[in-house]
Amino acid sequence: MIKLFCYCVIAICLTTNTMAQDCTFTLKGKITDFHNNTPIFGASVHIKNLNKYTSTNHKGEFQFKNLCKGELVIEVQHIACETKNLTITINQNLYKEILLEHHLEELNEVVVKTNFKTEATSIEQSIKKNVLEEYSDKSLGDALKNVSGVSSLNTGNTIVKPMIHGLHSSRLLIINNNVRMFDQEWGDEHAPNIDINANNSIEVIKGANTLKYGSDAIGGMILIKPKKYAIKDSLFGSTLVSFNSNGLGGNINSEIVKTYESGFYGKIQMNYKQFGDFKAPDYYLTNSGTISKNASFRFGYNSFEKGFDAYYSYVDNEFAILQSSHIGNVNDLVNAINSQEPRVIEDFSYDITFPKQSILHHLGKIEAYKRFKGFGKLTVQYDFQINRRKEFDLRRGDLSNTPVIDLRLFTNSLQTDLQIDYSDNLKINTGILARYQQNDAVAGTGTSPLIPDYDKYDFGTYIIGNYDINESTKVSAGVRYDFSRIDAQKEYNVTDWRETYNYDELFPEFETGDVDGTDIPTNPNFSYHNISTSLGLAKQFDNNLSLLVNYGLASRVPNPSELFSDGLHHSAARIEIGLLTMEKETANKFAISLEKNSDDFGFSVSPYFKHIRNYIQLIPVGITTTIRGAFPVWQYNQINAQIFGVDLDVNKKINSKFDYKGSLSLLRGNNISDDIPLIHMPATNFSNRISYTNNALNNLKISLTHKSVLQQKRYPDYNFYTFNAIAQEDVFVDISSTPPAYSLFNLNTSAVFKAFNKGSLELEFNIENLFDVSYREHLNRLRYFADELGRNFNFKIKIKY
């Protein structure tokens, strides 16, 4: 009885309290678009803790009546908008303005998707994370070979420089995490210092629309993107281990990511790779191994209105250079060309001896953004890079462990980007860039520096507009201005300065007035003004057909090697000579792409044409004798050039389990000044890949890939005769003829197993160069000395958790 009485008292008290609570408050509000303040009609507004619903009228307004004092948990939804959650405390009548983001491309920045193109009118192809993982133990250049129109300039099999439409080095922009790479890319044998395992996707932009990043993308741009993380509490990561039979080495990469519902995130990634001597089908490639140690750290805050991203990466590479490519003089080169086998063949070893390269690269950046209501988004970024390159040659005595080239490049950049997007149809991007570089030719090498000390100053500004004419037609146009100034310190041989190159009459203002014996100190100063433009059109037709048309005017100032190189480039085993008379390159680029994208069938046909005025090339011009022997002399010169070709890609879904992909690249490069072919142009190549997928059987995938590279029969004849002191006669040096065509087959298999409550275990087994074909590639600088790699068995374990 007492118990029943107590229950009654409590019930009466609760009822009395409820009746006493003031539930007369009203919540009114308006929902508008963040970009242009237009009202959003039909948005759903849900008070989750009261289970009350309403929707906005044509003015974007909503209202709730008879609300009690307290906290309201509200969810706002609209088609094609990001769902917004907010908490409101109400203790009086309240009016609330709520902003929604309904631009799909902006939503892409806060959810986990990266399928959008850099610009709607750009001609580009993407490599996603799952494909990058296939190349976890290889280089950026190897991964990019999947893209039609992209080839590589190799030094052996570990130093791989990407080429787009036959152009490489400083004619390509490589953007890593929104930072333009400066790692002394001027050398043919200088590979990008990028760990592809640290990134999520790569986009290759062949057409225009690169003005935001620079004016000198005559070849194109490689855009390396990090992953965007969802705003939620999560902890995930992955570990990938691979082992290769060829080189008896492999790679281990591990990363872990923590994200928070507040918008904060952090990531740590580490990678280690080591290989010993690789093997051609018939012999070991003595001194061809590599060791690579990489790490990256990233943390930041991500919300729609504001955020920041801080990133640091460390790359430490050591590349062995094939010992047989170390020539003492030009007669060694003749013997190598005439021999079918390398001069040095030893048993397998993990040792990395001379010659070799050692490169250390630090990259750091901090980027912050803020969106302004009804206007746009402002981003400010500071980044720095420190690149230390050491090239070692075979030396004797006290200098045996001293590099012959030791360069340190320090780069600082500050840039802003303002995206004005308050209009649905028009977006404008504008920004400015300020950059300072300092190159230090580190003393103590015992040799004359190939590249002198210099300071370089860059300033740039751009404006790009993207306009949607209608739902199926988009246009873009942009213009960019750049100023560059190079201030160098260099000593020239008096004879060269006054007689060989006539610099005393061409550049008397560079002389400092102090002649030291046979050398004359100089202070070369160059300033350049560049104007670049781009114009693009994208038209969408029925049946998933689209047409892209791009035009671009790009300008590139000579890089320091083209201006100042003067001496023996030991790792290249040649004398390289730059000229102070080099002028900037100017290119007019036209590209068209007709594309069809559907689930069952797709293709793209992309013809292009480039006319390059004052094209700078490095060509052999003769022989000179040093105290070490006779070496070929390569000198920079300028000509007018044309490059044209077509890229073709096809994909076809044969049935539910079989797919086909194919590609073809045709290219012609002409030196129209001398009416001869351009040097170092890629040959016609095509590839086919047929894949079998069975999702019911642990996502089993089996694919067979074929690639053929035809012989490059269009090349300039730079062959020459030289005197062979041993044979006491003149010998013919054939450095121009190209190797025959070759075809390779690769087999790839993989399966995914459910190994954990959350996560998966994926096993891969691959065979490269399935039939152990002996071949040589004419874009490999070491093709005179040895064959390419033979068969390789590759095994990978991927654990995602």
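This is a predicted model: local features need pLDDT of at least 70, side-chain atom pairs count only at pLDDT 80 or more; totals for chains, interfaces and linings use all residues.
Tutor: Pro521 itself lies in strand E26, which covers residues 519–522.

Student: Why are the rings of Tyr492 and Tyr503 called an edge-to-face pair?

Tutor: Ring centres must lie within 6.5 Å to pair, and planes over 60 degrees apart count as edge-to-face. The centres of Tyr492 and Tyr503 are 5.8 Å apart and their planes stand at 80 degrees, so the pair is edge-to-face. This pair links distant parts of the chain, with Tyr492 in strand E25 and Tyr503 in helix H7, 11 residues apart.

Student: What makes Tyr492 count as buried?

Tutor: Buried means under 20% relative accessible area, and Tyr492 has 4% relative accessibility, so Tyr492 counts as buried. Tyr503, with a relative accessible area of 2%, is buried by that rule too.

Student: Why is the pair of Phe507 and Phe526 called edge-to-face?

Tutor: The planes of Phe507 and Phe526 are at 75 degrees and their centres are 6.1 Å apart, so this pair is edge-to-face. Because Phe507 lies in the loop between H7 and E26, and Phe526 in strand E27, the pair ties together parts 19 residues apart in sequence.

Student: How do you know whether Tyr382 is buried, partly exposed or exposed?

Tutor: Partly exposed covers values between the 20% limit for buried and the 50% limit for exposed; Tyr382 has 35% relative accessibility, so Tyr382 counts as partly exposed.

Definitions and conventions. Residues are numbered from 1 along each chain as its sequence is written. Side-chain values use heavy atoms; hydrogens and water are left out. Helices (H or I, at least four residues) and strands (E, at least two) are DSSP runs, numbered from the N terminus. Buried means under 20% relative accessible area, exposed over 50%, partly exposed in between (1.4 Å probe, protein chains only). Rings of Phe, Tyr and Trp (its six-membered ring) pair if their centres lie within 6.5 Å; planes under 30 degrees apart count as stacked, over 60 as edge-to-face and the rest as tilted.
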